[in-house]
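Welcome to this short tour. Please open the structure in your viewer and keep the selection tool at hand.

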Amino acid sequence: MKESVSALMDGEIDEQEAARTLNALGQDPDLKASWDEYHLIGDALRNNALLSVSVAPAVSRQVESEPTVLAPRQRRPFHSGKIATWALAASVSFAAVVAWQQFGRDPALGTAPVVALAVSTPTISARDDSYLTAHQEIATDPVAVKASLQSEVRH
């Protein structure tokens with residue numbers, strides 16, 4: 001009977017066969033489904049702009065009919081090895097710094113000795129005066145003046 005439906009769509013059967021096929025289409029739901037499929041295929045082959053296939057209702061019905069699975073999320077394993085390694089490294093580093101600060105001093109001295117040096121102020125000669133005038137930004141720093149004068153004395 002599907003051949004008659006296809007021939008009816010193509011306009012290749014006589015009036016008596018067409019009437020009989022149309023009567024069968026009204027009574028047989030499977031034949032009606034074939035009629036709809038043939039029209040859908042024909043529209044797709046002709047690139048019909050009015051062709052629209054909506055699968056959303058069918059998908060929605062299918063999703064609603066499926067059971068809902070309520071399962072707890074899988075927890076990621078805790079990598080305590082990495083954290084423990086970093087914690088151990090930090091602890092050892094801290095202990096090393098504290099030990100270096102505490103044991104690096106001489107206990108007899110108590111604290112680090114303070115050394116005071118007596119520095120005499122040198123006299124500035126005419127030669128040094130011209131040099132310092134040329135380098136005024138350094139001339140205002142007394143430590144730099146003393147260092148430059150001492151380096152010239154050694155030469």
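Which residues make a nonpolar surface patch of about 260 Å²? Select V55, V59 and V63, and you have it. Patches are made of residues with over 30% relative accessible area and no salt bridge, with nonpolar side chains (Val, Leu, Ile, Met, Phe, Trp, Tyr) joined within 5 Å. V55 sits in the loop between α3 (29-45) and α4 (56-65).

A word on the model: it is predicted, so local features need pLDDT of at least 70 and side-chain atom pairs count only at pLDDT 80 or more, while totals for chains, interfaces and linings use all residues. Residues are numbered from 1 along each chain as its sequence is written, and side-chain values use heavy atoms, leaving out hydrogens and water.

Next, select V5, L8, A18, A24, L25, L31 and W35: these seven residues form the largest nonpolar core. Such a core is a set of buried Ala, Val, Leu, Ile, Met, Phe, Trp, Tyr and Cys residues joined through side-chain atoms within 4.5 Å. Two or more residues each come from α1 (2-10), α2 (15-27) and α3, and α2 gives the largest share, three residues.

Now centre on V5. Beyond its neighbours within four places in sequence, V5 is in contact (heavy atoms within 4.5 Å) with T21, L25, L31, W35 and Y38.

Finally, move to T21, in helix α2. Is T21 buried or exposed? T21 counts as buried because its relative accessibility is 0%, and buried means under 20% relative accessible area. Setting aside residues up to four places away in sequence, T21 touches M1, S4, V5, L8 and I13. A polar atom of the T21 side chain also lies 2.8 Å from the backbone oxygen of E17.

Methods:
Patches are made of residues with over 30% relative accessible area and no salt bridge: like charges are joined within 9 Å, nonpolar side chains (Val, Leu, Ile, Met, Phe, Trp, Tyr) within 5 Å. Accessible areas come from the Shrake-Rupley method with a 1.4 Å probe; for residues, only the protein chains shown count as cover. A salt bridge is a side-chain nitrogen of Lys or Arg within 4 Å of a carboxyl oxygen of Asp or Glu. Helices (H or I, at least four residues) and strands (E, at least two) are DSSP runs, numbered from the N terminus. Buried means under 20% relative accessible area, exposed over 50%, partly exposed in between (1.4 Å probe, protein chains only). A polar contact is a pair of N or O atoms within 3.5 Å; within protein, one must be able to donate a hydrogen and the other to accept it, and residues adjacent in sequence count only if both atoms are side-chain atoms.
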